[in-house]
Amino acid sequence: MPAGLRSLLVGFASLVLIGAMVVIVGWSRYTQPGPLTESRTIIIPRGAGVAEIAGLLWRAGVLTDPYSFQLGVRIDDAASRLRSGEYAFPVGASPHDAAMKLASGQTVVRRLTVAEGLTTSQALALIREVSREVGSALLLVSHDEEVLRQFDLRRDFAEINQATASRAA
């Protein structure tokens with residue numbers, strides 16, 4: 001076998017081996033238990049992509065690193081199924097567990113009773129008064145454009161997620 005062909009084959013085999021190792025190590029990190037020592041609730045905003053979701057989960061302490069999550073959801077073919085919402089992550093949830101929860105759409109269910117006859121502004125004031133987290137979670141699923149225009153949702157969700165992570169630390 002000519003030396004040039006042998007070098008080409010060795011180089012190609014090395015690239016394949018390195019690629020396989022990256023996938024194996026990444027998959028292992030994707031499926032092993034995560035760092036959470038207590039359950040945590042995180043709000044994933046509407047329109048968030050895989051990188052943004054991975055960053056939110058990493059900053060909140062659900063993930064050890066955002067990269068294994070990003071690689072894993074693509075290998076797992078779950079990237080297009082991740083949904084927005086408020087999610088509760090249990091202690092030790094793996095990145096795979098987190099991805100499957102986001103893909104399933106199993107969001108936190110909260111209940112709030114608004115008395116009949118209240119105006120929209122009174123109802124919104126009640127929602128804000130009850131809890132900032134509950135209010136933002138309700139806004140997350142709102143389809144009323146007029147209501148949504150009153151809030152900076154990305155900022156509100158970032159503040160809530162940061163506050164949740166700070167309380168847990």
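Trainee: How many salt bridges does the structure hold?
Mentor: It holds 1 salt bridge. Keep in mind that this is a predicted model.

Trainee: Which side chains meet in that salt bridge?
Mentor: Those of Asp-65 and Arg-29, at 2.5 Å from N to O. Asp-65 sits in the loop between H2 and H3, and Arg-29 in helix H1, so the pair ties together parts 36 residues apart in sequence.

Trainee: Is Asp-65 buried or exposed?
Mentor: Asp-65 is buried, with a relative accessible area of 12%. Arg-29 is partly exposed, at 35%.

Trainee: New topic. How many residues are in the largest nonpolar core?
Mentor: That core has 23 residues. Among those with the most contacts inside it are Ile-44, Leu-57 and Phe-69.

Trainee: Which elements give two or more residues to this core?
Mentor: Strands E1 (40–44) and E2 (85–89), plus helices H2 (50–59), H3 (66–75) and H4 (95–104). H2 gives the largest share, 5 residues.

Trainee: What does Phe-69 touch?
Mentor: Leaving out residues up to four places away in sequence, its contacts include Tyr-30, Leu-57, Leu-82 and Leu-102.

Trainee: And where is there a nonpolar patch on the surface?
Mentor: Met-1, Leu-5, Leu-8 and Leu-9 form one, with about 420 Å² of accessible area together. Leu-9 lies in helix H1 (residues 3–31). Leu-9 is partly exposed, at 42% relative accessible area.

Trainee: Last one. What is the mean pLDDT of the chain?
Mentor: It is 81, and 76% of the residues reach 70 or more.

Note on methods. Residues numbered from 1 in each chain as written. Predicted model: local features only at pLDDT ≥ 70, side-chain atom pairs only at ≥ 80, totals over all residues. Heavy atoms only, no water. Patch = residues over 30% accessible without salt bridge, like charges linked within 9 Å, V, L, I, M, F, W, Y side chains within 5 Å. Areas by Shrake-Rupley, 256 points an atom, 1.4 Å probe, with all protein chains shown as cover. Salt bridge = Lys/Arg side-chain N within 4 Å of Asp/Glu carboxyl O. Helix = DSSP H or I, 4+ residues; strand = E, 2+ residues; numbered from the N terminus. Buried < 20%, exposed > 50% of the residue type's maximum accessible area, 1.4 Å probe, protein only. Core = buried A, V, L, I, M, F, W, Y, C linked by side-chain atoms within 4.5 Å. Contact = heavy atoms within 4.5 Å. pLDDT = per-residue confidence, 0-100.
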